[in-house]
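Work through the two exercises below with the model open. Each task is followed by a solution in steps.

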Amino acid sequence: MIPAAFDYTRATTVDEALTALASSDDAKILGGGQSLLPVLRQRLNAPELIVDCSAIDEIKGIDAGGDKVTIGAGATHHAVMNDPAVKASVELLAQATETVADPQIRHRGTLGGSLAHADPRADQPPVALALDAEFTIAGPSGKRTVPASEFFIGPFETAVGEDELLVSVAFPKYDGWGSHYEKFNRTAQAWSIVGIAAAVRMDGGKIAEARIGLTNVGGTPVRATAVEQALVGASSMAEIAAAAERASDGIEPFADEDADVEFRKHLARVLTKRAVAKAAGIE
Amino acid sequence: MTETIDTSTPLGRPIKRKEDAKLLHGRTNWTDNIQLPGTLHMAILRSPYAHAKITKLDVTPALSRPNVIAAYGADELGDLNGSIPCVWPVVDDIVMPDFPSLAKGVVRHVGDCVAVVLATDPVHAADALEAIEVDYEPLPAVVNMQDAIKGGTLVHEDAANNVCYNYPFATGENYDDVKAKADVVVTRQWANQRLIPAFMEPRSVVAAPMGMSDEMTVWSSTQIPHVLRVLMALVTGIPENNLRIIAPDVGGGFGGKLQLYREEVLVTQLARKLGRPVKWTETRSEDMVATHHGRDHIQTIEIAATKDGKILGLKVHLLADMGAYLQIITPGIPILGMFMYPAIYKMDAYDFHCTGVFTNKTPTDAYRGAGRPEATYAIERIVDELAAELDMDPMELRKKNWIKHEEFPFTTVAGLTYDTGNYEAATAKALDLFGMDELRAEQKRRRESGDTVQLGIGISTFTEMCGLAPSRTLGALKYVAGGWEHATIRMLPTGKVELVTGTSPHGQGHETAWSQIASSILGIPVEDIEVVHSDTGRAPYGMDTYGSRSLAVGGQAIKKAAENLIEKARIIAAHQLECSPGDLEFVGGEFKVKGDPEKAQAIGAVAFEAFTAHNLPDGVEPTLQGEATVDPEDFSYPHGTHLAAMEVDTETGKVTLRKYVAVDDVGNQVNPMIVEGQVHGGLAQGIGQALYEGAFYDEDGLPLNANLSTYLIPAAPDLPSFITDRTTTPSTTHPLGTKGVGEAGAIASTPAIINGIVDALRPMGVTDVAMPATPMTVWKTIQSANQAAKGGQA
């Protein structure tokens with residue numbers, strides 16, 4: 001379809017973007033366009049102003065200095081999943097990113113765009129949640145940081161304000177952890193029905209620490225803390241399976257054509273078992 | 001696949017397609033690429049309701065929007081609001097409701113056309129739709145066929161109980177008598193779900209009055225320029241001789257562009273009224289609700305057999321969803337399927353009944369296979385169920401009942417006479433490629449170990465009828481047109497060839513394949529032959545492309561036209577060579593005097609003589625061309641054996657197609673590479689029905705998945721590398737020995753997939769899985785079977 005008319009401005013710096021955002025009560029940020037354009041074309045939204053942030057070079061870099069890997073919000077999925085530092089220290093993010101849509105979309109779409117769009121079906125938000133990522137948001141009064149646990153507020157709703165721009169996401173380094181992203185969908189290019197992001201630190205053949213994030217089992221990504229706790233000390237498939245039974249504790253999935261509530265809860269349990277087993281290298 | 005290639009003739013060689021360089025380089029002429037000065041762009045206001053009264057419609061506010069030239073509702077359109085005809089009234093008492101271009105007071109499906117805006121650019125046309133003032137009073141929607149036929153809410157007031165027609169057809173012995181003799185009777189009910197054609201190029205149409213002449217040229221992304229011309233003349237009153245229909249490059253159809261659409265009529269009427277070119281191109285969102293859909297049958301099927309596995313009779317009762325209106329051949333689709341339920345099996349009795357039902361959904365019509373996939377699904381599924389009931393191997397049951405190769409020609413209980421076939425040969429080849437014994441052994445191991453992933457083997461030994469069709473047969477079925485095809489072959493003075501065909505390709509590769517046929521007869525290189533098609537101005541006669549008819553019927557016309565051309569050339573050459581025509585043989589593009597090979601004349605030289613006409617025999621007209629219009633002797637009957645190995649993850653319900661073998665017998669092949677492409681694409685669509693696709697509605701008749709992010713179509717990563725091969729049993733009713741291949745893959749594959757899933761789960765007590773077999777559907781089916789098993793133990 002043809003989008004409704006809108007004004008357009010292209011920012012080349014964060015400051016320019018913030019100035020443009022401040023100039024309108026109804027502005028939307030364009031990153032790689034993989035989420036916004038379908039919304040505009042279906043006329044689900046008709047903003048007055050589009051602020052194109054795809055030419056802001058200062059938010060595209062990936063920096064692995066210090067004890068964190070800091071990824072610019074404008075880094076493409078393709079850049080993220082192929083970055084050596086991401087692969088070495090935040091492998092779970094690379095694994096989840098590889099499952100996003102198809103190569104064309106991964107060359108256009110950005111990590112920051114996906115996180116800020118906060119589609120419950122998106123694969124990277126639960127990774128950011130499970131790995132305790134920290135979000136840096138620029139606004140009229142400067143920059144602030146928000147932990148992942150406070151970033152995702154609801155479906156398509158985050159801590160980023162109307163006049164703010166997500167500029168980067170910093171992930172602690174998880175060198176030596178085992179990880180796996182278990183995506184469950186119907187076709188290779190379809191959204192996740194349920195996805196499980198799992199990272200484990202092994203010690204002497206046992207799980208010493210686990211981090212589990214769930215995709216598309218509610219309005220926001222969910223941290224499976226009950227499973228994480230129950231996994232500590234697990235060293236067998238049976239123990240992992242027992243812990244994974246708690247993946248559906250407290251979640252409130254919605255129903256759609258692909259999965260009703262019962263099936264989503266079931267998938268959360270089964271897929272958590274599988275994701276953790278693969279992350280831990282236990283069969 | 002491997003085979004020995006005869007390089008002495010282009011016929012049967014996998015030469016690269018002439019069409020592809022243009023397509024791959026983007027030098028294509030899609031309808032939407034056509035830019036004419038002064039064009040008005042049409043946008044359509046569509047109903048958001050499945051069923052509602054229009055209580056207010058005021059288009060005038062749209063007129064004050066920028067760049068808007070005109071706006072119309074049904075009232076403003078008046079006499080130009082043409083109604084879409086149905087040309088296949090399958091029974092005398094069929095109910096055929098009015099189907100106006102713009103709804104008159106009532107909308108009957110989501111996407112029904114309410115009003116149009118014309119602007120000087122497409123953007124402002126789309127924007128101005130928002131200015132139209134329209135109020136609806138929602139009415140209860142008729143969604144489910146089983147509810148619809150109980151009466152209550154009516155889609156059309158003159159269709160009592162929402163019934164469009166009843167079509168009974170019983171042949172052979174009395175079914176009930178046969179059933180009484182049976183040891184085993186298996187009855188099942190299946191939903192053959194609604195599908196959306198989803199061709200790659202959305203529909204698009206441009207109509208332009210041509211300057212000072214009376215001609216109206218219509219470019220449309222259609223499969224049927226010739227049929228469209230006739231129908232458009234009838235609907236609009238524009239004299240047929242003044243209408244020129246052109247189908248430029250067309251990006252897929254699958255039956256979805258075998259249609260006269262309301263949008264085509266609107267664009268043409270408004271171009272005439274306004275005296276300027278008018279253009280409309282649909283969005284994907286429009287396509288999903290406004291292009292006709294396919295399938296949507298509820299099939300109740302019963303098979304009666306002896307305890308040793310001899311099939312005695314078959315009973316099929318259908319509910320077929322017409323949707324909200326009848327498109328051009330909507331009622332005929334299930335009737336095409338009617339002939340195919342008995343398929344390859346011998347039996348004594350066949351009892352068929354179809355009820356066409358109106359609902360508040362998008363109209364249905366032809367979609368790849370058109371009735372035959374539905375029939376093939378039902379019979380191939382029930383044969384597996386019968387095998388399970390009899391505790392017989394499903395292939396052994398098929399072998400016991402199929403027509404043996406030495407029994408052809410064979411007249412089936414449905415009344416068709418299959419000219420040739422060799423089910424034994426195709427099956428033997430398929431089993432060899434599949435590795436059945438190893439897979440059965442693996443299946444046994446997985447069952448015994450209680451593996452989470454179970455393995456199933458699905459069989460489909462299909463046949464179909466294609467190559468539509470002998471005109472007398474179509475007449476007997478109350479289809480109002482014929483099934484012939486035309487070709488004209490012109491030798492130009494320079495020795496090049498124009499091959500004019502009445503077929504209308506939209507991805508099939510006719511330009512290549514037709515050149516191969518003509519080249520093999522005329523001895524002219526493939527590259528010197530131009531295939532002219534899809535333009536009623538340049539190729540005036542034709543019945544177009546659908547139903548796997550183009551080679552089966554159009555190919556015959558090309559062969560005969562080429563032969564007619566040679567017969568004329570022979571007379572001219574004999575005159576030049578001072579011999580009698582009977583003394584000449586035509587070899588490798590040259591007429592040679594028998595016994596005196598030095599005396600010869602190439603056909604190009606004959607063409608030049610025919611052009612100059614300086615020295616032609618008395619009574620022979622100048623120019624060298626051959627024409628033929630051919631009515632086929634019969635349908636053609638491709639067949640094959642398809643085998644699928646399905647892995648079912650019993651914990652998640654996810655199904656993986658691990659291995660797929662397709663051995664098809666399509667008779668002689670003109671270009672095996674094109675055949676291969678048709679098989680692959682057809683398989684993907686048939687597998688799509690089994691596993692992914694389905695247009696679903698809520699209880700208010702609102703579509704639940706009318707976009708391509710939720711209506712899932714398989715792509716390359718979702719499918720294995722198909723293992724394909726062919727057996728060749730030439731058709732004896734088609735002069736080239738060809739059959740048809742356009743629909744075979746889509747017809748054959750759906751039951752193979754579901755049979756494989758059910759086979760994997762049968763030890764758990766599963767006897768059916770609904771389509772599409774989504775993970776949730778499969779998982780719930782397993783849960784129900786487990787519950788039933790527990791209940792049984794308790």
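Angles under 35 degrees count as roughly parallel, over 145 as roughly antiparallel, 65 to 115 as roughly perpendicular and the rest as oblique. This is a predicted model, in which local features need pLDDT of at least 70 and side-chain atom pairs count only at pLDDT 80 or more, while totals for chains, interfaces and linings use all residues. Residues are numbered from 1 along each chain as its sequence is written, and chains are lettered from A and ligands numbered from 1 in the order in which they are written.

**Exercise 1.** Determine how the axes of α11 (372–390) and α20 (744–761) of chain B are arranged.

Step 1. Helices are DSSP runs of H or I with at least four residues, numbered from the N terminus. Axes are lines fitted to C-alpha atoms, for helices over the stretch in contact, and angles run from 0 to 180 degrees between N-to-C directions.

Step 2. The two axes come within 8 Å and cross at roughly 30 degrees. Therefore α11(B) and α20(B) are roughly parallel to each other.

Step 3. Residues are in contact if their C-beta atoms, placed from the backbone, lie within 7 Å. Among the contributors are B:Tyr377 and B:Arg381 of α11(B), and B:Ile754 and B:Val758 of α20(B).

**Exercise 2.** Describe the contact between chain A and chain B.

Step 1. On chain A 18 residues take part, and on chain B 22 residues.

Step 2. Helix α12 (residues 261–280) of chain A gives the most to chain A's side, with three residues.

Key:
Contact = placed C-beta atoms within 7 Å. Helix = DSSP H or I, 4+ residues; strand = E, 2+ residues; numbered from the N terminus.
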